[in-house]
Amino acid sequence: MSRLEPESVLWNMLRGGLATRALALVADLRVAEALAGGPRDVVDLASEVGANPDTLRRLLRALASDGVFAEEEPGVFRNNEASDVLHRGDGWDDFAHLFGGSWLRAVGELDVCSDAPAFQRTHGAEFWSWLAEHADERAAFDRAMLQGWEPRVERLAQLEWRGDEVVVDVGGGNGSLLVELLRRQPGQRGIVFDLPEANRDEASFDDRIEFVAGDFFQRVPVGDVYVLATILHDWDDARAAAILRTIRSVAPPGARLLILDSVVPPGNEPNGAKWLDLLMLTLFDGRERDEAQWRALLGAGGFEPVSIRDGLIEARCR
Ligand SMILES: C[S@@+](CC[C@H](N)C(=O)[O-])C[C@H]1O[C@@H](n2cnc3c(N)ncnc32)[C@H](O)[C@@H]1O
């Protein structure tokens with residue numbers, strides 16, 4: 001593998017914010033969709049999507065130099081494998097919108113000694129309340145969460161199931177995880193529990209799944225299995241433990257807790273969770289956790305670990 005010059009390592013980081021913003025701009029303009037029929041001259045493309053042609057060309061040229069879109073001949077662009085993902089309809093364009101919009105503005109306010117999360121200081125409201133006030137952003141967030149559910153369902157489906165459990169997906173968002181899990185387990189019933197403003201496709205819910213609106217700091221429905229998919233990393237230790245205690249207060253003694261979150265490994269190897277951790281810090285003062293931190297959190301919430309593996313932490317009531 002070719003080794004990067006030390007200056008190139010720094011340069012690739014320095015330009016990161018520009019790449020994030022460029023991707024958001026072309027995602028918002030739906031450029032990948034406009035190129036779905038084949039290569040197009042940038043002047044024609046700009047006129048369709050409503051952009052300045054010179055600016056669009058420079059954005060696409062920079063993105064193409066990093067492997068998103070391709071410049072086929074001067075001023076003529078086409079999709080490639082990476083830009084095709086932006087018009088696949090599974091949330092990546094919404095991720096690009098969020099990362100390069102309200103999140104990037106908050107990243108600009110991240111510092112090392114502030115009490116409130118950078119998102120709150122930037123936008124004047126705590127993340128979830130802000131989303132509740134901005135229906136379009138909330139909808140983009142829920143669509144973005146469609147991305148990546150398949151491997152998580154796979155992990156869950158490989159566990160041993162009795163087959164007749166009531167599964168409560170706490171903070172279940174758009175419900176796609178539970179819909180897929182129950183499709184594989186015909187005897188189970190499920191509850192998607194989330195804030196009332198969470199967008200979901202209830203047409204995809206069969207009569208074994210219901211949506212229950214509520215606040216997981218107040219109450220959660222009774223069930224046999226509690227799933228927390230990318231929930232606890234949104235919260236600091238005190239509030240994450242409070243969510244676990246809400247569950248513990250209603251969970252029957254044999255209930256299982258299944259947490260789908262990262263376990264940050266030691267060492268210097270590249271790992272997405274190490275960067276996602278900084279996004280969690282920016283948005284909500286949340287955090288990605290290593291094994292010792294998961295053990296401590298489970299204990300504070302009234303649970304004991306059964307197994308702690310990257311992506312899936314299993315626990316039972318203490
Ligand atoms: C990162 S999303 C994860 C959604 C879903 N579990 C998934 O993996 O796609 C966090 C979810 O927690 C929900 N949430 C945030 N605060 C909540 C609260 N106080 N009570 C219930 N749900 C809450 C949000 O509405 C959002 O759907």
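Among contacts in the chain between residues at least 6 apart in sequence, what percentage join residues at least 24 apart? The figure is 61%. A contact here means heavy atoms within 4.5 Å.

## The model

This is a predicted model, where local features need pLDDT of at least 70, side-chain atom pairs count only at pLDDT 80 or more, and totals for chains, interfaces and linings use all residues. Residues are numbered from 1 along each chain as its sequence is written, and side-chain values use heavy atoms, with hydrogens and water left out.

## Overall build

The chain holds 15 helices and 10 strands. Both are DSSP runs, numbered from the N terminus: helices are H or I with at least four residues, strands are E with at least two.

A compact globule of 318 residues would have a radius of gyration near 20 Å; the chain has 21 Å, which agrees. That radius is taken over C-alpha atoms, and the globule rule is 2.2 Å times the number of residues to the power 0.38. Along the principal axes, the C-alpha atoms fill a box of roughly 65 × 45 × 45 Å.

## Surface and charge

Of the 318 residues, 45% count as buried. Buried means under 20% relative accessible area, exposed means over 50%, and partly exposed lies in between (1.4 Å probe, protein chains only). The accessible surface of the chain is about 16100 Å², and 52% of that belongs to carbon and sulfur atoms. Areas come from the Shrake-Rupley method with a 1.4 Å probe; for residues, only the protein chains shown count as cover.

The chain carries 34 positive and 54 negative side chains. Lys and Arg count as positive, Asp and Glu as negative; His and the chain ends are not counted. The centres of the two sets lie 4 Å apart, with each charge placed at NZ of Lys, CZ of Arg, CG of Asp or CD of Glu.

## H233, in a loop

H233 sits in the loop between β7 (225–229) and α13 (237–250). H233 is buried, at 7% relative accessible area. Leaving out residues up to four places away in sequence, H233 touches D261, L276, M280, G286, R287, E288 and R289.

## S176, in a helix

S176 belongs to helix α12 (residues 176–184). S176 is buried, at 15% relative accessibility. Its side chain makes a polar contact of 2.7 Å with the side chain of N174. Not counting residues up to four places away in sequence, S176 touches L146 and W149.

Methods:
A polar contact is a pair of N or O atoms within 3.5 Å; within protein, one must be able to donate a hydrogen and the other to accept it, and residues adjacent in sequence count only if both atoms are side-chain atoms.
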